[in-house]
Amino acid sequence: MASGISFNKFSKFAVGIAALTVVSMTLATSASAAQPKVNLGTTASYAVLAGAGITNTGATTVSGTAGGDMGSSPTGSFTGAADVTVTNGTKYEAVDPKTDGAKDDLVTAYNDAAGRTPVNSVGVELGGQTLTEGVYNSGSELGITGTLTLDGQNNPDAVFIFQAGSTLITASSSSVNLINGAQPCNVYWQVGSSATFGTASSFVGHVFALTSITATTGATFRGQLLARNGAVTLDTNTIVNDACAGAVPPTDEGGELPNTDAVDWIIPVSVGAGLLAIGATVLVLRRKRR
């Protein structure tokens, strides 16, 4: 051949490219597989749900398009209920069948979140980090000092699940910030013991605590406070339990066009390379016949 490249060698090269294409497409499919949402069941309408009673101090407000219900089971006590203003919900100050059912669904949701894989191992401190969708696990406690940023990457269905082996503790004035379409309704925190939120902190997501939840003075929440076995303690807090909004328009921060992550280009680039290899093989065959 005039090209100096044998047909056999070129064929092997083409087969290699085709194989690489298949592998790349498989990797792209795996990398882009999203976590499904945790099924909240009848807990969805509860902004606050406890196992051993609710205690409130100061003027607390509870609302949200998903529901502002508050209740506890099997202990139905609610101390300080008169100082809680609820919109779009009910304050259950005694054991109620609806709350009993929600507690059952909380156990299911907790176990679902705890069993999610594959996990990304993280250290205790989440503050100062920017994380994309996925499952994040700490074998011990989790904490937030400063700001934790969750990046939805222009996907309003991006799901974030955090698994804490023991406690979740946030510092005073700490915050969870959502960018690029991330929504509070798709953030879940599974806590192996108790959760404590610092003074004037700002938190996002559904909190599933095995034991108790303590919200100190002025802490605000977009999501739910759900304690399986212990009490929920409130102090002049604002809790907004909103359902998911519609699709969020993509952003163009820093000049980046929507959906330009590297994984988004693997399939088209790989397919293009494979087609080029096939075309080149056909060309060689034609020349060989001549």
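At the start of helix α2, a side-chain oxygen of D96 comes to within 2.8 Å of the backbone nitrogen of K98. This contact, like every other feature reported here, belongs to a predicted model. Helix α2 covers residues 97–114, and at 1.5 Å a residue its 18 residues should span 26 Å, a figure that agrees with the 26 Å separating its end C-alpha atoms.

The residues of α2 that are buried are T99, A102, K103, L106, A109, Y110 and A113. Viewed down the helix axis, the buried residues of α2 fall within an arc of 125 degrees, and therefore they line one face of the helix. On the face turned away from this buried side, α2 carries the exposed residues P97, D104 and T108. The buried residues of α2 are covered by several strands, including β1 (46–57), β3 (69–79), β10 (160–164), β13 (187–191), β15 (202–209) and β17 (220–227).

Among contacts with a separation of 6 or more, 58% are made by residues 24 or more positions apart.

One of the strands, β9 (residues 147–151), has four of its five residues buried, so this strand is largely enclosed by the rest of the structure. Strand β9 is joined by three bridges to strand β6 (residues 130–132), and the two strands run parallel; within this pairing, L131 has L150 of β9 as its bridge partner. Five bridges join β9 to strand β12 (residues 175–179), again in a parallel arrangement, and here L148 is partnered by V176 of β12.

In soluble globular proteins, nonpolar side chains tend to be buried together.

The surroundings of F197 can be given in detail: apart from residues up to four places away in sequence, F197 touches L168, T170, F203, V207, I213, T214, A215, T216, A219, F221 and L225. One of these residues, T170, is placed in strand β11 and, at 4% relative accessibility, counts as buried. With residues up to four places away in sequence again set aside, T170 touches I144, T196, F197, G198, S201 and F203. The C-alpha atom of T170 is separated by 8.8 Å from that of G146, a residue 24 places away along the chain.

Several details of the backbone remain to be described. Most residues other than glycine have a negative phi, and most peptide bonds are trans. Against this background, the peptide bond from S73 to P74 is cis, with omega near 15 degrees, and P74 is found in strand β3. A cis peptide bond also joins T117 and P118, with omega at about -5 degrees; P118 lies in the loop between α2 and β5 (119–121).

Positive phi values are found in S173, where phi is near 65 degrees, and in N180, where phi is about 55 degrees although the residue is not a glycine. S173 is located in the loop between β11 (168–170) and β12, whereas N180 is found in the loop between β12 and β13. With a relative accessible area of 56%, S173 is exposed, while N180 is buried, its relative accessible area being 14%.

Technical notes: Residues numbered from 1 in each chain as written. Predicted model: local features only at pLDDT ≥ 70, side-chain atom pairs only at ≥ 80, totals over all residues. Heavy atoms only, no water. Buried < 20%, exposed > 50% of the residue type's maximum accessible area, 1.4 Å probe, protein only. Pairing = 2+ DSSP bridges. Contact = heavy atoms within 4.5 Å. Expected span 1.5 Å × (residues − 1). Arc of directions from axis to C-beta. Polar contact = N/O pair within 3.5 Å; in protein donor to acceptor, adjacent residues only side chain to side chain.
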